[in-house]
Amino acid sequence: MNETSAETRSVIVERDIPFPAEKIWRALTQPHLIEEWLMKNDFKPVVDHRFNFRGDWGAVDCEVLEVEPNKTLSYTWAALGLESVVTWTLTPTGAGTHLRMEQSGFRPDQEQAYQGAKYGWQRFLAGLEQVVARPD
Amino acid sequence: MPSAQDILFKTLADPTRRAIFERLCRKGEQTVGALTAQAGISQPAVSKHLAVLKQAGLVRDRHEGRLTHYSAQLGALAPLIDWTSQMAGFWERRFDQLEDLLRRMDQ
């Protein structure tokens, strides 16, 4: 699932979904539907449109890069000190649609971003006591 | 050969040392004197903890006259933060929710 190269890293999640691409496209591009599975947003399927996703933990700043209805959707994704690009690809299959999400552009040095360290720090502390208490 | 993660976990397993590191994360650069005033232990003990933190790359020292200032090196925590697996988990859960939504949209 994780690809590593010298320059950047990607996260890829893909699934075969038993629904037509047109229906999935609506869930990916209509704000009230996006909110149901991802986050609150002011998305518009218009290239260069700037928008954000809003979660309990903060906001993700985005800009639409590519819109090809029922096929490809791409936007920038900047949050927690990380900048990346999220690209959705829809490919019709006999039984429905193959949906692929690739988030790319993580640079290794971004992993050291201050915000990221702060965020990771809470999780780290939460797990530390158990880890050190575990017998070797 | 211990991994970077082993060293970080071992270094931060000590509660007093961890408290010193957390204070540096929150408050920025501090002198040994300022850290000692809040730590509730002797200055030599604080200095010893700082030396261990420095060896693990978690703090950096800067000398200015007679004073030594210490600051947290958050980048040293990077081996503990695997962004790609965190984001993969995030998206897997969102895909589940998307599939739930698509099923409901059918009705």
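Along the sequence, chain B follows the pattern α-α-β-α-α-β-β-α. That gives five helices and three strands. Helices (H or I, at least four residues) and strands (E, at least two) are DSSP runs, numbered from the N terminus. The model is predicted: local features need pLDDT of at least 70, side-chain atom pairs count only at pLDDT 80 or more, and totals for chains, interfaces and linings use all residues. Residues are numbered from 1 along each chain as its sequence is written, while chains are lettered from A and ligands numbered from 1 in the order in which they are written.

Chain B has 107 residues, and 25% of them are buried. A buried residue has 20 or more other C-beta atoms within 10 Å of its own; an exposed one has 12 or fewer, a partly exposed one falls in between, and C-beta atoms are placed from the backbone. Contacts were also counted, with two residues in contact if their C-beta atoms, placed from the backbone, lie within 7 Å. In chain B, 52% of the contacts with a separation of 6 or more join residues 24 or more positions apart.

Helix α2 of chain B spans residues 15-27. B:R17, B:I20, B:F21 and B:L24 are buried in α2(B). They lie on the same side of the helix, because they cover an arc of only 95 degrees around the axis. The arc is taken from the directions from the helix axis to the C-beta atoms. B:P15 and B:R26, on the other side, are exposed. The cover over the buried residues includes α1 (4-13), α4 (43-55) and β2 (59-64) of chain B. Just after α2(B), B:G28 adopts a positive phi of about 80 degrees.

Chain A contains three helices and eight strands. Their order from the N terminus is β-β-α-α-β-β-β-β-β-β-α. Of its 136 residues, 24% are buried.

The largest nonpolar core has 24 residues. Such a core is a set of buried Ala, Val, Leu, Ile, Met, Phe, Trp, Tyr and Cys residues joined through C-beta atoms within 7 Å. Among the members that touch the most others are A:W25, A:L90 and B:L102. Elements that each supply at least two residues include β7 (82-93) of chain A and α5 (83-106) of chain B. Helix α1(A) gives the most, with five. Beyond its neighbours within four places in sequence, B:L102 contacts A:I17, A:F19, A:K23, A:I24 and A:A27. A second, separate core of 16 residues includes B:L8, B:V59, B:Y70 and B:A76.

Terms used. Expected span 1.5 Å × (residues − 1).
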